Amino acid sequence: MAVTSYSNRSIPRISLRDFESRIDTITAELVAAAESDGFFALVDHGIPEAEIEEQFQAAERFFSLPDSVKATVPFSHRNTGWEKQAQIRPSTGAADQKESYQMQYGSLMDGAWLAESALPGFKEQSLAFMRRAQQVSEKLMVCFARGLGFPDDYFIRAHDISRPNAQTVLRLLHYFALDPAVPTPEDYYRAGAHADWDFVTLLFQRPGHSGLEICPGREVFTEFGLGDKWTKVEPAAGQIVCNIGDLLMSWSDDRFKSTFHRVKTPTDPATDYYGPRYSMAYFNQPNTDCEIQGPLKKYPIVTGAEFTKAAMQRNYDALQATKKTMMNTAPARNLVAATL
């Protein structure tokens with residue numbers, strides 16, 4: 001695997017304490033982080049550590065079920081359900097070595113919840129946790145709206161989870177354990193470099209489950225950030241790590257930066273975490289009928305559905321380009337191998 005160059009920078013740490021009375025300060029801090037790093041860590045956000053851990057335990061119970069049970073709620077075009085080693089990143093051309101389960105609100109989850117008998121209480125608990133994450137998200141939305149000169153509720157209305165066309169997702173993730181005594185295969189990736197499509201992502205991590213790395217958008221100059229300096233983001237108890245997505249980057253006329261990030265493949269037993277890694281990502285996706293355009297009108301108006309479709313098409317096109325490149329270089333690699 002290519003050698004990675006690292007920086008010793010840290011991402012901004014922003015407290016949401018006393019939100020109503022400190023909203024101007026919090027807004028200024030969030031805007032500064034969005035303009036520079038594209039990543040920040042939230043503290044004092046109102047979700048107790050115990051509730052976060054309870055949802056992690058629920059995720060563990062889900063992923064410990066037999067694949068035959070999880071396969072009863074397969075991933076679908078509605079962006080819900082379970083997948084295993086099915087997500088291929090354009091940055092690697094290989095499947096992420098993980099499994100995930102995506103949950104939404106309302107009718108989009110019809111048929112995508114496990115039977116109550118398979119995992120008692122899981123649906124109710126997960127929805128309650130999602131609503132907690134939504135409350136935090138809406139505080140960020142108010143601040144970003146103010147930073148861009150929109151009404152306070154502008155982004156909240158565009159991400160209304162009570163409406164039937166809501167697209168917001170909670171994704172539970174389980175990265176498989178590796179044996180530190182065995183060399184990691186060359187083409188093994190926990191999660192290849194990528195940017196998110198959404199407005200803003202809230203990432204919950206377990207302390208000790210290291211691996212998240214970011215490449216701040218303002219500094220990226222190579223494709224997928226490969227060859228640039230990366231920053232390790234160590235999990236801290238109770239913190240929520242957030243990143244700006246492509247949607248907010250577009251909505252801000254590129255003022256705020258969507259940032260490349262990845263989950264590092266463990267290769268050094270002395271420093272890397274080889275055990276089973278769990279994380280939870282809350283993706284704030286727009287309602288399908290909301291209209292998206294920044295204050296400077298840099299880009300034409302599109303709906304939430306159109307933005308999501310275009311993002312999926314870009315990802316597909318990039319993946320096809322990666323596969324083509326890999327096919328074109330494969331004969332050359334085979335020729336070199338044959339002459340050794």
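Tutor: A cavity is a set of points, on a 1 Å grid over the protein atoms alone, where a 1.4 Å probe fits but cannot get out. The model is predicted: local features need pLDDT of at least 70 and side-chain atom pairs 80 or more, while totals for chains, interfaces and linings use all residues. Residues are numbered from 1 along each chain as its sequence is written, and side-chain values use heavy atoms, without hydrogens or water.

Student: What is the volume of the largest cavity?

Tutor: A search of the whole structure finds 1 cavity of 30 Å³ or more. Its volume is the space filled by probe spheres set on grid points joined across faces, edges and corners. For the largest cavity this is about 40 Å³.

Student: How many charged residues are in the lining of the largest cavity?

Tutor: The lining (residues with an atom within 4 Å of a point) consists of Trp113, Leu114, Ala115, Glu116, Leu119, Phe122 and Lys123. Asp, Glu, Lys and Arg count as charged; Ala, Val, Leu, Ile, Met, Phe, Trp, Tyr, Cys and Pro as nonpolar; the others, Gly among them, as polar. The lining has 5 nonpolar residues and no polar ones, and its charged residues number 2.

Student: Are α1 and α4 roughly parallel or roughly perpendicular?

Tutor: The axes of helix α1 (residues 19-36) and α4 come within 9 Å and cross at roughly 70 degrees. Angles of 65 to 115 degrees count as roughly perpendicular, under 35 as roughly parallel, over 145 as roughly antiparallel and the rest as oblique. Therefore α1 is, relative to α4, roughly perpendicular.

Student: How many nonpolar residues are in the contact of α1 with α4?

Tutor: Contact (heavy atoms within 4.5 Å) involves residues including Phe19, Ile23 and Leu30 of α1 and Leu140, Val142 and Phe144 of α4. Of the contact residues, 2 are polar and 3 charged, and the nonpolar ones number 10.

Student: How are α2 and α4 placed relative to each other?

Tutor: Helix α2 (residues 49-63) and helix α4 (residues 122-148) have axes that come within 10 Å and cross at roughly 140 degrees. The two helices are therefore oblique.

Conventions: Axes are lines fitted to C-alpha atoms, for helices over the stretch in contact, and angles run from 0 to 180 degrees between N-to-C directions. Helices (H or I, at least four residues) and strands (E, at least two) are DSSP runs, numbered from the N terminus. On a 1 Å grid over the protein atoms alone, a cavity is a set of points where a 1.4 Å probe fits but cannot get out, and a pocket is an open set with protein on both sides within 12 Å along at least five of seven lines; lining residues have an atom within 4 Å of a point.
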